[in-house]
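I opened my notebook on this fold with a few things to look up.

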Amino acid sequence: MEISTFSEMVPLLSNFWRTIPTTLQLKLESSLTLLKQDHKLNKLFFLGRLEAHSINYLLAFGTPGVDLFHQRKFYYSRDGIDWLLLLEPANWSEDWGRLWCEFTGNVGFGFKIRSLAAGSASVVVSEQDRLWYVMHAILREAAGVPRGALRMSTDQQIVLNPFFQGLTRDELGVLGNYQHFRRPERSAEENLRGRNECNLSMDVFDSLESTVLPEGKSFTLRMDDSDQLAMWSSLHWLGLDFFHKANSSVFGFLYNGDGRKNWDLPFMVEL
């Protein structure tokens, strides 16, 4: 949730039994507004909370320019007031997603993991580096936005679409109308293929429907009582929810989990 619209978004969470306590909400709104100013960020988003053994990490990310992904910065806080920058690890690996021990709350703690490559020695991953990786993985694999919310400019910058008017009520419940919140990883030809109508600036982004396995079964949908607000939840990264209000520019996502990926999902659904 972008901090400039944070207070407007939080009440919507109650429709799906999610909440941010009022005292924490006030802390976050104040501290993140200051962080945005001090670090000269164009956009700053509150990602959510990661539960550790002794404390909870509060997570945020932002970008200095209009492009949502260029020079993106990750931050964490223990108290919702003081925020620390997370630097990208020099030699991180997707193997880190297999770490299953719970976070301790001590950023200097080391987790031992053995590479999948034959003959490779085990490596030690600090909790701070693992925290960066989990934020990266959640945003890459699970965070979603409605089709049209992002657009790619002619100079290849990815920005929030100022003309986005929202999905219709009939479109809300269709996973094919949602896209990853990331730079496209598939070719434009693949993402545009099969669409009866397409807009190059909006449809070059990767669809959630066809890029996450098990296909069509990696997210669950809930609607509020009015059938005007949809919330999709990731079954890979439990605790990541994204929502959208019909016929409006209101959308966002929030994480509240323990930072561990659900690798058992393929065995939990009927293929």
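I began with Trp 96 and its contacts, where contact means heavy atoms within 4.5 Å. Leaving aside neighbours within four places in sequence, I found Trp 96 in contact with Pro 89, Asn 91, Ile 113, Val 125, Asp 129, Arg 130 and Tyr 133. This is a predicted model, in which local features need pLDDT of at least 70 and side-chain atom pairs count only at pLDDT 80 or more, while totals for chains, interfaces and linings use all residues. Residues are numbered from 1 along each chain as its sequence is written, and side-chain values use heavy atoms, with hydrogens and water left out.

Where does Trp 96 lie? I place Trp 96 in the loop between E4 and strand E5 (110-114). My element names follow DSSP runs numbered from the N terminus: helices are H or I with at least four residues, strands are E with at least two. Is Trp 96 buried or exposed? Trp 96 counts as buried because its relative accessibility is 8%. The scale I use is buried under 20% relative accessible area, exposed over 50%, and partly exposed in between, with a 1.4 Å probe and protein chains only. I also checked Trp 96 against Val 134: they are 38 residues apart in sequence and 8.6 Å apart in space, C-alpha to C-alpha.

**Sheet**

Next I traced the strands. Two strands pair if DSSP finds at least two bridges between them. Eight strands form an open sheet with mixed pairing, in the order E4-E3-E2-E1-E14-E13-E12-E11. Strand E4 (84-86) and strand E11 (219-223) stand at the edges with a single partner strand each, so one side of each is left without a neighbour in the sheet. From one strand to the next, the twist averages 25°.

I followed the pairs around E1. Strand E1 (residues 43-51) pairs with strand E2 (residues 56-63) in the antiparallel sense, over eight bridges. Gly 48 stands opposite Leu 59 in E2. Helix H2 (residues 22-38) packs on the sheet and touches E1, E2 and strand E3 (73-77). The direction of H2 makes about 135° with that of E1. For such angles, axes are lines fitted to C-alpha atoms, for helices over the stretch in contact, and values run from 0 to 180 degrees between N-to-C directions.

E14 came next. E1 and E14 pair in the parallel sense over three bridges, and Leu 50 stands opposite Gly 257 in E14. On E14's pairing with strand E13 (residues 240-245), I noted the antiparallel sense and five bridges. Phe 243 stands opposite Gly 252 in E14. The hairpin of E13 and E14 has five residues between the strands, and there Asn 247 takes a positive phi near 55°. Six of the seven residues of E14 are buried.

**Cavities and pockets**

A cavity is a set of points where a 1.4 Å probe fits but cannot get out; a pocket is an open set with protein on both sides within 12 Å along at least five of seven lines; lining residues have an atom within 4 Å of a point. Points are joined across faces, edges and corners, and a volume is the space filled by probe spheres set on them.

How many cavities of 30 Å³ or more are there? I count two. The largest cavity holds about 40 Å³. Its lining is Leu 13, Arg 18, Met 231, Gly 239, Asp 241, Leu 254, Tyr 255 and Asn 256. Strand E14 (residues 251-257) gives the most to this lining, with three residues.

The second largest cavity has a volume of about 30 Å³. Trp 96 returns here, as one of the lining residues, which also include Arg 130, Tyr 133 and Val 134.

The largest pocket has about 400 Å³ of space. Of its 21 lining residues, Thr 5, Met 9, Leu 160, Ser 249 and Phe 251 are the closest to its centre. E14 supplies the largest share of this lining, three residues.

The second largest pocket has about 300 Å³. Of its 16 lining residues, the closest to its centre are Phe 69, Arg 72, Phe 74, Trp 132 and His 136. Helix H3 (127-141) is among the elements giving two or more residues, and H3 gives the most, with four.

Terms used
On a 1 Å grid over the protein atoms alone, a cavity is a set of points where a 1.4 Å probe fits but cannot get out, and a pocket is an open set with protein on both sides within 12 Å along at least five of seven lines; lining residues have an atom within 4 Å of a point.
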